[in-house]
Amino acid sequence: MIEIKEIKSAAEKSKICGTILRSLPNWFGVEASIVDYMDKATGMPFYSAKDEDGNAVGFVALKIHSEYAAEVCVMGILGEYHRQGIGRKLIKLCESFCMENKIEFLTVKTLAESRESESYGKTRLFYQSMGFRPLEVFPLLWDEDNPCLFMVKVVRCEGA
C-alpha cells in the first residue's frame, strides 16, 4: 500500500528528490540539474509517496509563483512504480493544495514535442490526461536542444 505524506524536513526533501531523480536518467540525466532541484525543493511544499516499508517511491515539489499560480516544479516516481496511479495522486494533492489556498492555476513545464523523446511523450500524455493544456512553447527557456512546453490547468476553487 502506497501512502502519501507531506514532508517538512529540508534534508529529507533533498534526499528523496536526489535519490529518485538519479534513478530516472531518461528524464533527469544532468547531475547539475538534479542538484539544483534538490536545493530548490527544500523550500517548497513537498509530498512523498512511500511504500509499506517507508521507502520513498515518488514525490512532487510545488512552487508557488503568486496568489494565483503554482507550478509542479519537479516530480518523479521510481520506474518500477510507473503506471500505478501514484502520479495521479500526487497531482491531485497539488490541486487540493491550490484549492485550499485559493490558487486558480496549476502549471508545469516539460519538454516540447518538437524534441523527440519517448519518455517525455509519455510525460506530456500524463499531464494532458490530468487536465493540463499546452499554452506555449519557449524554444530557448532551457536551451536550444531542450524546448520548453508550458502547460496549465485551471483549478476550481470556491471564492477564487
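Analyst: The expected span of a helix is taken as 1.5 Å times one less than its number of residues, where helices (H or I, at least four residues) and strands (E, at least two) are DSSP runs numbered from the N terminus. The model here is predicted, so local features need pLDDT of at least 70 and side-chain atom pairs count only at pLDDT 80 or more, while totals for chains, interfaces and linings use all residues. Residues are numbered from 1 along each chain as its sequence is written, and side-chain values use heavy atoms, with hydrogens and water left out.

User: Why does the span of helix 4 agree with its 12 residues?

Analyst: At 1.5 Å a residue, the 12 residues of helix 4 should span 16 Å, and because its end C-alpha atoms lie 17 Å apart, the two values agree. After helix 4 comes glycine 131, whose phi is positive, near 100°.

User: In what order do the seven strands form the sheet?

Analyst: Two strands pair if DSSP finds at least two bridges between them. In this model the seven strands form an open sheet of mixed pairing, in the order 1-2-3-4-5-7-6, with strand 1 (3-6) and strand 6 as the edge strands, each pairing on one side only. Strand 7 (residues 146-154) runs antiparallel to strand 5 (residues 105-111), to which seven bridges join it, and phenylalanine 105 stands opposite valine 154 there. Strand 7 also pairs in the antiparallel sense with strand 6 (residues 133-143) over six bridges; a hairpin through two residues joins strand 6 to strand 7, and proline 134 has methionine 151 as its bridge partner.

User: Which residues of helix 4 are buried, and what covers them?

Analyst: Buried means under 20% relative accessible area, exposed over 50%, and partly exposed in between (1.4 Å probe, protein chains only). In helix 4 the buried residues are Ser119, Tyr120, Gly121, Thr123, Arg124 and Tyr127, and their cover includes strand 4, helix 3 (86-100), strand 5 and strand 7, where contact means heavy atoms within 4.5 Å.

User: Which members of the largest nonpolar core touch the most others?

Analyst: A nonpolar core is a set of buried Ala, Val, Leu, Ile, Met, Phe, Trp, Tyr and Cys residues joined through side-chain atoms within 4.5 Å. The largest has 43 residues, of which Phe46, Phe59, Val72, Leu106, Tyr127 and Phe132 touch the most other members. Leaving aside neighbours within four places in sequence, valine 72 is in contact with Val60, Ala61, Leu62, Ile91, Leu106, Thr107, Val108, Tyr127 and Phe132.
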